[in-house]
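The entries follow in the order in which I checked them.

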Amino acid sequence: MNLYENIQFLKGIGPKRAKALNKLNIKNIADLLTFFPRAHQDRNIILPILSSQFSGHKCIFGKITNAYTKKLSKNLAVFCIDVSDNTGTVTGEFFRKISPYSKYDIFENLRNNLSVGKYVYLYGIQNGIFKFSVEDFEIIDNPQIKPLFFKRLLPVYNLTSGINQKFLLNLMLPVVTEFAKYYPDIVPQNIMPVSEAIYKLHFPNNKQEYELARQTFALQEFFILQLMILIAKNKNGTNYKAQKYQIKKTLLSVFKQNLTFDFTKAQKKAINEIFNDMLSSEVMNRMLMGDVGSGKTVVALSAILLAIENGYQAAIIAPTEILAEQHFLTFGNLLKNLNIKIDLVTSSILKKIKQKDEILNSIATGKTNIIIGTHSVMEDRVKFKNISLVVIDEQHRFGVMQKVSALAKGATPDVLMMTATPIPRGLAMTIYGEIDVSIIDQLPPGRIPIKTTCVTENEAYKKVSAEISKKNQAYIVYPLVDESDKTELKSAVTEAENLSKTVFKNFKVGLLHGKMKPKEKNEVMTKFKNKNFDILISTTVIEVGIDIPDATVMVIEHADRFGLATLHQLRGRVGRSKKQSYCMLVSDSKSKKAKQRLSVMTQTNDGFKIASHDLDMRGPGDFIGTKQHGFPEFKAGNIIKDLKLIELAKEKAAVIIQQDPELKSANNNEIKNFINNNHLNISKIIQVG
Ligand code: ADP
Ligand code: MG
């Protein structure tokens, strides 16, 4: 039985459906089994038709005694079924919009299915005593048959176009029943068998059962991660390093003199901690946390210069090409006259044949001192002469696996990770093991706090116009690139076109989104920086690090769609000069939770406070936020509420690794295969502690 078989070969899934499922990250049977519902709808209780509980959603059951259609207006019709049980009768209604010109019989399907004499379960809202708006139904042949979609906790799955709830449900039930037993079950003495846990995560009988199943699967997820961390730790032995540094100040003093400002106290403290780590004989593994704009770059640069004055190479890796290029420019400026060779390594540059060879050669022979780039730096063809320090910028944007492959080239570089989305230290340690943390908890002096408000679109547009007339610039951010996926949301491409023809027709409007080629993105950013555009309409691709001092307004459309951490990062694109800046959040969400979240943004500019709110407000099963924090994603585990399970996983993993440090014994074959099949590469996992 091969769990990693492509789902396309399952019954009922053709190439089209397979492609749609791929969008949900479901590629093989293992993915499908572990595509757990995001919630369950309680359909256990079937109420008598004439029950007194009229409010809210409910389920009823009865026999169809009458079926007919009524036209309510030119555009609206309703299909009705009278349904009876021994307490009374109710009219189930199915409303549909109609076109006065269409001959198409919109109720044909319903009429054929819901005919008089059949038994039916209905889910919907009671509408007065005798009416019931139907949202879902299931017909059964006789009252003794157990329904599929009623009398149970009904799983509710995340969807994408081409995949609806009914399809997934019909697919899941047989797949889970048939294949869950083949899913690896590797934690000694887990709460219940993993196969049972998988079944109950989809189809639990009650909430308690679900919770135990969730913990079972979560423990296995944490167990795997802890095993990998321990294996990596063992492989690396004690973390002694080859490089030795001395503070020579040949470069560092000149660099400090060149700066137009003094380091803040917090920056000095961070630099001290980093230098101490570097001077010690053990490999540095430090996380530098500091809010957007707190000045992490010059701190990193100080560490880099220490490496270079000692004759080593250093690299800084950024999550996007734009950011890497910006660092390239900034570094060039800050280090001019220091006789330091800096090279940029991105996938676009590696495509330029001639330039590529020159750069790769220069890095391999040690002519290049600082390598700035994207994940391309980690490619095998990039060979260093003597790299001793790797800085990972905006660490939260990388996955665990990527962060580390930089280390997998035989060297033992010191590692400095930087992030603007802080995580509580205890949490970081629980997940990663020992990791040192430095915090920059103050902004450089003279910054004017950004004013953040929740406004209507019109108010936001007015502010944009007002600021542009003061020769400033504006960002307008949308959650989507184009409207193909979800039509109810405004998208960057469509709005760029609309706005440049209407409200902002007198201004120059640029467009930036993730589907553009790196080169195009770059051109747009450069143009914006040179003020060829007044307004930049964009998706979150501008999220990190970009520095445009004259941009003073940030409008975020559908703000409720973004996580707090992302909103804070986006807001950090303005307020980069001595001028007052504004962040305007536009949202038409009625949800109380969404409003509460956005109000946090209007109340504080402090990224640490926002991050802790973010963690507090996150409900179970909401893993989007964890992704922002750079944690590995868990399907059942929740790093906020499962700290105890993580500890337990750690203990259990330690027992295994003590006996079999490299998982060579046949007993541990299943674990090893599981790791390999999931492409979790042990040699590439971060070395911590
Ligand atoms: P982030 O921490 O978000 O990466 P940057 O390193 O990009 O922030 O710094 C933001 C801006 O603040 C840059 O223009 C940088 O030159 C400036 N800056 C950094 N440190 C100081 C300081 N001590 N005083 C004044 N300006 C500073
Ligand atoms: Mg930065």
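**Entry 1: terms and conventions.** I take two strands as paired if DSSP finds at least two bridges between them. Helices (H or I, at least four residues) and strands (E, at least two) are DSSP runs, numbered from the N terminus. The model is predicted, and I note that local features need pLDDT of at least 70, that side-chain atom pairs count only at pLDDT 80 or more, and that totals for chains, interfaces and linings use all residues. Residues are numbered from 1 along each chain as its sequence is written, chains are lettered from A and ligands numbered from 1 in the order in which they are written, and side-chain values use heavy atoms, with hydrogens and water left out.

**Entry 2: strands around S3.** I began with strand S2 (residues 46-47), which runs parallel to strand S3 (residues 57-71) and is joined to it by 2 bridges. Isoleucine 46 has cysteine 59 of S3 as its bridge partner. Cysteine 59 also stands opposite tyrosine 123 in S6. S3 and strand S6 (residues 119-127) run antiparallel, with 7 bridges. S3 is also antiparallel to strand S4 (residues 76-85), through 8 bridges, and a hairpin of 4 residues connects S3 to S4. Here I looked up alanine 67, whose bridge partner in S4 is isoleucine 81.

**Entry 3: the seven-stranded sheet.** Which order do the 7 strands of the open sheet take? I read S11-S12-S10-S13-S14-S9-S15, with parallel pairing. Strand S11 (342-345) and strand S15 (436-440) are the edge strands, each pairing on one side only. From one strand to the next the twist averages 20 degrees. For angles, axes are lines fitted to C-alpha atoms, for helices over the stretch in contact, and values run from 0 to 180 degrees between N-to-C directions. Within this sheet, strand S10 (residues 313-317) and strand S13 (residues 387-392) pair in the parallel sense over 5 bridges, and isoleucine 316 has valine 391 in S13 as its bridge partner.

Helix H8 (residues 265-279) touches strand S9 (285-290), S13, strand S14 (414-419) and S15, and its direction makes about 160 degrees with that of S15. Helix H10 (residues 321-334) touches S10, S11 and strand S12 (370-373), at about 175 degrees to the direction of S11.

**Entry 4: the six-stranded sheet.** I found an open sheet of 6 strands in the order S16-S21-S20-S17-S19-S18, with parallel pairing. Its edge strands are strand S16 (451-455) and strand S18 (509-512), each pairing on one side only. The twist averages 20 degrees from one strand to the next. S18 runs parallel to strand S19 (residues 535-538), with 4 bridges, and leucine 511 stands opposite isoleucine 537 in S19. Helix H15 (residues 457-469) packs on this sheet and touches S16, strand S17 (473-477), S19, strand S20 (551-556) and strand S21 (582-586). The direction of H15 makes about 155 degrees with that of S21.

**Entry 5: the second largest pocket.** On a 1 Å grid over the protein atoms alone, a pocket is an open set of points where a 1.4 Å probe fits, with protein on both sides within 12 Å along at least five of seven lines; lining residues have an atom within 4 Å of a point. The second largest pocket holds about 1,600 Å³ of space. It is lined by 50 residues, and the closest to its centre are Gly293, Gly295, Arg447, Asp547 and Arg576. Helix H9 (296-309), H10 and helix H18 (564-571) are the elements that give two or more residues to the lining. H10 gives the largest share, 7 residues.

Entry 6: Is asparagine 668 buried or exposed? I find it buried, because its relative accessible area is 10% and buried means under 20%, exposed over 50% and partly exposed in between (1.4 Å probe, protein chains only). Asparagine 668 lies in the loop between helix H22 (643-659) and helix H23 (669-677). Leaving out residues up to four places away in sequence, asparagine 668 touches Ile656, Asp660 and Leu663. Asparagine 361, in helix H12 (residues 353-364), is partly exposed at 42% relative accessibility. Its C-alpha atom is 9.2 Å from that of phenylalanine 384, 23 residues apart along the chain.

**Entry 7: chain totals.** I count 23 helices and 21 strands in the chain. Of its 689 residues, 52% are buried.

Methods
Contact means heavy atoms within 4.5 Å. Grid points are joined across faces, edges and corners, and a volume is the space filled by probe spheres set on the points.
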